[in-house]
Amino acid sequence: MSEHTKTICPYCGVGCGIAVTEDRRFAPWGDAPVNEGRICIKGGAAMEVVEHEDRLTEPQIRGDDGDLHAATWDEAYGRVVSEMERIRAEHGPDAMGFFGCSKATNEENYLLQKLARRYGTNNVDNCTRMCHASTVYALRRSLGAGAMTNSMQDLMESADVLWIQGANPAEQHPIANSVYFRQAVLDGATVIQIDPHANKTTRSFDIEGTDRHLHLQSNPGSDIPLLNVVLKTVLENGWVDEEFVAERTEGVDHLVETLADFDTEEAARVCGVRLEDIERAAEVYATAENATIFTGMGMSQHTCGVDNVQNEINLALVTGNVGRPGTGVNPLRGQNNVQGTCDVGAMPNTLPGYQNVEDDDLRAAVEAVWGFEVPPKAGLTNVEISHEAGASIKGLYVMGENPVMSEPDANRVAERLADLEFLVVQDVFPTDTVGYADVVLPATSWAERGGTVVNTDRRVQRMRGIGRVYPGTNHDFDILQAVGTRLFGPDGGFDFDDPEAVFEELRQVCPIFGGITYDRLGEEGIHWPCLEPGDEGDPYLYEDAFTTPNGMGYIEGVRHQPPKEVPDDEYPLILTTARLIEHYNTGTMSRRSPTLNRQHPENFVDVHPADAERYGVADGDTVTLRSRRGEIEVRAQVTEDIKQGTVWTTPHFAASSANRLTNDALDERAKIPEYKAAAVAIEAGGGESGTAADD
Ligand code: SF4
């Protein structure tokens with residue numbers, strides 16, 4: 001193995017270790033800490049994109065003729081810096097926005113947020129806003145840290161019940177599901193799955209010889225009433241852990257009050273699930289010795305996303321299922337470093353380590369290390385930045401994101417980006433967003449860069465570059481330093497020799513990383529929080545106290561809030577969305593991978609047979625799906641896997657992306673859009689279904 005480079009898979013948040021050979025092919029890393037050599041189709045195909053012919057290989061600047069033209073790095077940096085300086089002089093620093101990249105390293109995202117703050121704005125965010133912002137908000141407020149409470153290893157070994165709500169780990173976190181979760185079931189654990197869709201996860205737990213899987217096929221947007229039935233059942237049956245609630249929590253009276261007049265039969269009707277099935281699930285969870293909750297984007301991507309997750313926290317707290325191995329509330333994170341991108345402060349309201357940017361003392365401590373003042377008010381989130389693009393936002397710096405496809409109501413996003421005075425895009429491939437850029441900076445790919453990333457269970461791990469950089473490209477690390485140095489001078493805080501030097505500064509301002517060094521990470525990594533040298537890190541949190549201001553876990557009753565759009569005569573169906581195992585976000589990498597593309601070369605929509613009959617749709621037809629924001633053509637797949645009244649498709653293909661239809665209504669507190677519920681109509685007939693070739 002010595003000639004192989006050991007690094008981390010660039011796709012999902014499981015954080016599998018993989019190796020790259022000297023001739024740049026994939027190789028297994030047999031004793032990798034998370035996956036011990038096991039790998040899913042994406043990890044195995046990850047090298048296919050590294051030397052892809054579509055790589056961006058030279059900086060480009062948009063000319064007076066409206067086209068992008070090749071430029072030198074010096075010219076491109078010059079344009080970026082002069083435009084950023086002009087915008088600050090004419091409109092102030094809050095007229096710029098910055099998008100971090102959850103596929104880039106901690107060090108790169110740390111530099112990006114530092115660049116934004118040195119420029120004078122907290123308008124910096126990352127794609128967690130689209131996936132788990134509401135989860136992070138609820139977990140931080142009610143438990144203390146915006147991350148998984150437990151590690152996958154301890155959940156596999158100790159959980160008796162896995163409550164999986166709004167997540168499809170068999171598609172989206174395949175190694176977590178096939179290794180950790182299935183093993184827990186083989187060892188005797190029961191799975192309770194709540195999802196409108198019977199999916200690969202559903203089938204993965206139909207294990208011969210076991211009968212420990214309940215699937216509650218609920219309606220989209222009915223998670224609060226479903227959990228309220230569960231909570232009322234727990235309260236009425238005396239399954240509350242009274243000692244835990246009394247000593248370690250506050251707010252239970254509010255929950256009891258909220259549920260006092262709650263009608264469980266009416267709630268079950270709203271959920272579309274039999275009341276006795278929900279009550280059975282409540283009993284299984286509440287009477288287990290150790291029960292854990294996995295929460296996914298089916299929960300978080302709603303206008304009531306914070307309350308959805310709060311109700312899961314309520315359930316864990318009232319039953320005392322937090323603070324031990326095999327328990328907790330555990331968000332499954334989507335991108336390989338979305339956890340780390342948040343950890344290092346690429347968010348508008350928090351400095352590195354989730355320190356509130358509006359707290360004068362916390363801000364002063366960071367300023368003392370950085371040597372410049374940080375704006376004292378939280379900035380705009382990425383959807384707010386997109387909404388303001390062309391209005392109060394005049395310029396945007398995008399590192400490795402593709403908002404034209406990834407954001408909801410994508411047609412409007414494209415129009416607004418076109419209205420910007422200046423857009424710089426730093427990426428590996430010519431994404432749809434590159435089409436709107438004024439300057440394009442070609443970056444290195446995942447395999448070429450070094451640094452650290454944080455997986456879904458808070459394990460900080462090292463990525464190691466293969467020691468070769470694709471011709472014409474630069475590391476994000478070097479690009480950000482070049483821009484920072486040109487903007488702020490040689491002593492401006494952007495003069496690091498290598499990513500390890502950045503990490504050494506990061507750990508000074510990010511207490512949860514305080515005890516981590518590159519040497520200590522070795523090949524195993526360390527679970528944060530690791531506060532000081534010698535600290536081993538914490539595979540599970542809150543053994544003795546929560547990390548909220550008063551150390552208590554926060555319970556709060558919540559009431560049903562329907563999605564912002566509900567079906568009506570014109571748009572009679574609810575659209576919900578997700579990705580498949582071969583998909584990855586907007587497909588910038590995965591659509592360029594022949595192995596992945598072969599699996600599902602075109603988009604499709606799942607339609608229930610009763611809806612198919614009603615709207616005259618046959619299996620295999622190309623249909624038009626239409627919402628108030630746009631329409632797409634996709635192939636119909638008629639299946640009982642989906643709940644009647646609901647249709648399901650993916651955002652993966654540009655020509656037929658679900659995000660041309662999705663609603664950009666936001667959760668008021670977390671500002672996450674409601675991707676998971678939009679009213680749509682379906683019509684038989686249409687053009688060609690969008691394929692990767694169209695994109
Ligand atoms: Fe990569 Fe996730 Fe697959 Fe592991 S499970 S190989 S991290 S995509």
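This is a predicted model: local features need pLDDT of at least 70, side-chain atom pairs count only at pLDDT 80 or more; totals for chains, interfaces and linings use all residues.

1. A term is needed before the first point. Helices are DSSP runs of H or I with at least four residues, and strands are runs of E with at least two, both numbered from the N terminus. Helix H5 (133-142) gives the most to the lining of the largest pocket, with five residues.

2. The largest pocket holds about 1000 Å³ of space. Its lining comprises 38 residues, and those nearest the centre are Arg 140, Gly 144, Ala 145, Tyr 354 and Thr 547. Besides H5, helix H4 and strand E15 (355-356) each supply at least two residues of this lining. By class, the lining of the largest pocket divides into 20 nonpolar, 11 polar and seven charged residues.

3. How many cavities of 30 Å³ or more does a search of the whole structure find? The search finds five.

4. At least two lining residues come from each of helix H4 (128-131), helix H15 (297-300), helix H20 (403-406) and strand E23. H4 therefore deserves attention in two places, as a helix by the DSSP rule: it supplies at least two residues to the lining of the largest cavity and at least two to that of the largest pocket. The lining of the largest cavity has 16 nonpolar, 26 polar and seven charged residues.

5. The second largest cavity has a volume of about 200 Å³. It is lined by 20 residues, of which Lys 103, Asp 427, Val 428, Thr 444 and Arg 449 are the closest to its centre. The classes in this lining are 11 nonpolar, five polar and four charged.

6. Which residues are found around the ligand? They are Cys 9, Tyr 11, Cys 12, Gly 15, Cys 16, Ile 39, Cys 40, Lys 42, Gly 43, Pro 174 and Ile 175. Helix H1 (41-45) and helix H8 (174-186) are the elements that give two or more residues to this shell. By class, the shell around the ligand has eight nonpolar, two polar and one charged residues.

7. The cysteines call for a separate remark. A disulfide is a covalent bond between the sulfur atoms of two cysteines. The count of disulfides in this model comes to zero. Cys 16, one of the residues around the ligand, is buried, with a relative accessible area of 8%. Cys 101 is in no disulfide, and the nearest cysteine sulfur, that of Cys 127, is 7.7 Å away.

8. The structure holds 34 salt bridges. One of them joins Asp 125 and Arg 129, with N and O 2.6 Å apart.

9. Another salt bridge joins Arg 628 and Asp 568, with an N to O distance of 2.6 Å. Arg 628 lies in the loop between strand E25 (622-627) and strand E26 (630-638), whereas Asp 568 lies in the loop between strand E22 (553-554) and strand E23 (573-577), so the pair ties together parts that are 60 residues apart in sequence. Arg 628 is partly exposed, with a relative accessible area of 41%, and Asp 568 is partly exposed at 30%.

10. Two further cases complete the account of charged side chains. Asp 23 forms a salt bridge with Arg 25, their closest N and O atoms being 3.1 Å apart. Asp 23 is partly exposed at 47% relative accessible area, and Arg 25 is partly exposed at 48%. Finally, a network of salt bridges links Glu 83, Arg 86, Glu 90 and Glu 421.

Notes
Residues are numbered from 1 along each chain as its sequence is written. Side-chain values use heavy atoms; hydrogens and water are left out. A salt bridge is a side-chain nitrogen of Lys or Arg within 4 Å of a carboxyl oxygen of Asp or Glu. Buried means under 20% relative accessible area, exposed over 50%, partly exposed in between (1.4 Å probe, protein chains only). On a 1 Å grid over the protein atoms alone, a cavity is a set of points where a 1.4 Å probe fits but cannot get out, and a pocket is an open set with protein on both sides within 12 Å along at least five of seven lines; lining residues have an atom within 4 Å of a point. Grid points are joined across faces, edges and corners, and a volume is the space filled by probe spheres set on the points. Ala, Val, Leu, Ile, Met, Phe, Trp, Tyr, Cys and Pro count as nonpolar, Asp, Glu, Lys and Arg as charged, and the others, Gly among them, as polar. A residue is near a molecule or strand if one of its heavy atoms lies within 4 Å of it. A disulfide is a pair of cysteine sulfur atoms within 2.5 Å.
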